[in-house]
Amino acid sequence: MMEQIAIQTATKQYPLCLGEGMLELLPQWLEELGFPHGTKIMVVTDETLKALYLSQLVEPLSRRYDVYTHVIPSGEAAKSFEHYYACQTAALTYGLDRHSLIIAFGGGVVGDLAGFVAATFMRGIPYIQMPTTLLAHDSAVGGKVAINHPLGKNMIGAFYQPEAVVYDVQLLQSLPERELRSGFAEVVKHALIGDPGFYNWLKMNIHSLADVKGEKLQHCIRKGIEVKARIVSEDERETGVRAHLNFGHTLAHALESELGYGVMTHGDAVALGMLFAIFVSERTYRLSFADHHFAKWFESYGFPVVPPKQLDPERLLQKMKGDKKAKSGKIRMVLLREIGHVCVEEIDDKQALSLLNEFWQS
Ligand code: NAD
Ligand code: MG
């Protein structure tokens, strides 16, 4: 089944098409979006996707368009200035101009890099996101594009919306379990922060990661995107409610940084971060989510539910204070008031440390 969701931001509206067999349908789509036959297209993808699907994308596309490909290594390291520069060089060498199109075919790494190339090549040319991971349901919507700097993740970037997002769920069949679980954490996050109905659906329908496939997978992507798109449409440039998307991320970023990037997946860190945020919420608002059995539920998906004991809460606290979202050294955490309703709260150092210590000992 093919579904279309309209993504609305303050600056732009564009379609997101979700379903199966999208690679075959793409040329037709591009025509409807107003790209005439013969348009130059540069497909940016990574080594893994090249081996799996690139020919299935390029073959139908080449019948109508002038298609070039640029392949980057798989993994986070490709979000670098060097690969950004190489991408720009490729675009210039292939003779792309302002009427050309960039297609980001891959996970969040390809999407962030190719999107930033599109945002800056000749001061901005059109691009399309074709996400191939579950995590990319998050990264492909919202228009944030970036590369990393050795001094910090996503430090150089832009807000730049695509012409469309084309999501073929069939391509996710080849995702390793670790990557599927990582993306699923953001699905759970979207349910918790913005959709009680979807939260109930998850509890009833997704008992383990093995259930995250076919129509259920498509439903997860659709619902997750709806929450993200709603929040982004209210706050494109991250001045207000967009901060809610940071639920679970304050501790997650500290964990990823302390463990060393890539040791724990982003999603696993977010899952643990959400458990901590829930724990802090219970203390802060004097309420109990015991009936929801969050830890048990998370465990059934394979998320870590016990904090890595070797890490020092004191050091984590310092990292949490250094977060991009922190204000004047105070920790700002997104806390859960009830399912579907979160608030940003400032927590002072002493209290944060004692909560971390308690969580670490639990
Ligand atoms: P990724 O792009 O590195 O993909 C993960 C791994 O899966 C890679 O090795 C990739 O080659 C492989 N892969 C991709 N699709 C596959 C498929 N269909 N079958 C088999 N293997 C496949 O990473 P990701 O998890 O998709 O995204 C993480 C990135 O997204 C981070 O850099 C993060 O900063 C960024 N991000 C951006 C935003 C945003 O708003 N822009 C939001 C969240 C995350
Ligand atoms: Mg995230």
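## Helices α9 and α10

In this predicted model, helix α9 meets helix α10 through His249, Thr250, Leu251, Ala252, Leu255 and Glu256, which face His266, Ala269, Val270, Leu272, Gly273 and Phe276 of α10. By class, the residues of this contact are seven nonpolar, four polar and one charged.

Helix α9 covers residues 249-259 and helix α10 covers residues 266-285. Their axes come within 7 Å and cross at roughly 135 degrees. An angle over 145 degrees would count as roughly antiparallel and one of 65 to 115 as roughly perpendicular; α9 and α10 are therefore oblique to each other. The crossing of α9 past α10 is right-handed.

## Helices α6 and α7

Helix α6 also packs in an oblique manner against helix α7 (residues 196-205). The axes of α6 and α7 cross at roughly 135 degrees and come within 6 Å. On the α6 side the contact is made by Val188, Ala191 and Leu192, and on the α7 side by Phe198, Tyr199 and Leu202. The residues of this contact comprise six nonpolar, no polar and no charged.

## Helices α6 and α8

A further partner of α6 (residues 177-194) is helix α8 (residues 214-234), with axes that come within 9 Å and cross at roughly 55 degrees. Angles under 35 degrees count as roughly parallel and those of 65 to 115 as roughly perpendicular, so α6 and α8 are oblique to each other. Their crossing is left-handed.

From α6, the residues in this contact are Glu186, Val187, His190, Ala191, Ile193 and Gly194. They meet Cys220, Lys223, Gly224, Val227, Lys228, Arg230 and Ile231 of α8. The contact of α6 with α8 divides into six nonpolar, three polar and four charged residues. Ala191 of α6 takes part both here and in the contact with α7.

Ligand 1 has 29 residues around it, of which Thr48, Gly107, Gly108, Thr133 and Ser139 come nearest. The shell around ligand 1 holds nine nonpolar, 13 polar and seven charged residues.

Helices α2 (47-62), α4 (108-120), α5 (136-139) and α6 each supply at least two residues of this shell. Helix α4 gives the most, with four residues.

## Annotated domain

An unreviewed UniProt entry places the feature "domain: 3-dehydroquinate synthase N-terminal" at residues 71-181. Over residues 71-181 the chain is 32% helix and 29% strand.

Notes
Residues numbered from 1 in each chain as written. Chains lettered and ligands numbered in written order. Predicted model: local features only at pLDDT ≥ 70, side-chain atom pairs only at ≥ 80, totals over all residues. Axes fitted to C-alpha atoms, helices over the stretch in contact; angles between N-to-C directions. Left-handed = near helix turned anticlockwise from the far one by under 90°. Contact = placed C-beta atoms within 7 Å. Nonpolar A, V, L, I, M, F, W, Y, C, P; charged D, E, K, R; others polar. UniProt positions renumbered as here; feature names shortened; annotations may be inferred. Near = placed C-beta within 6 Å.
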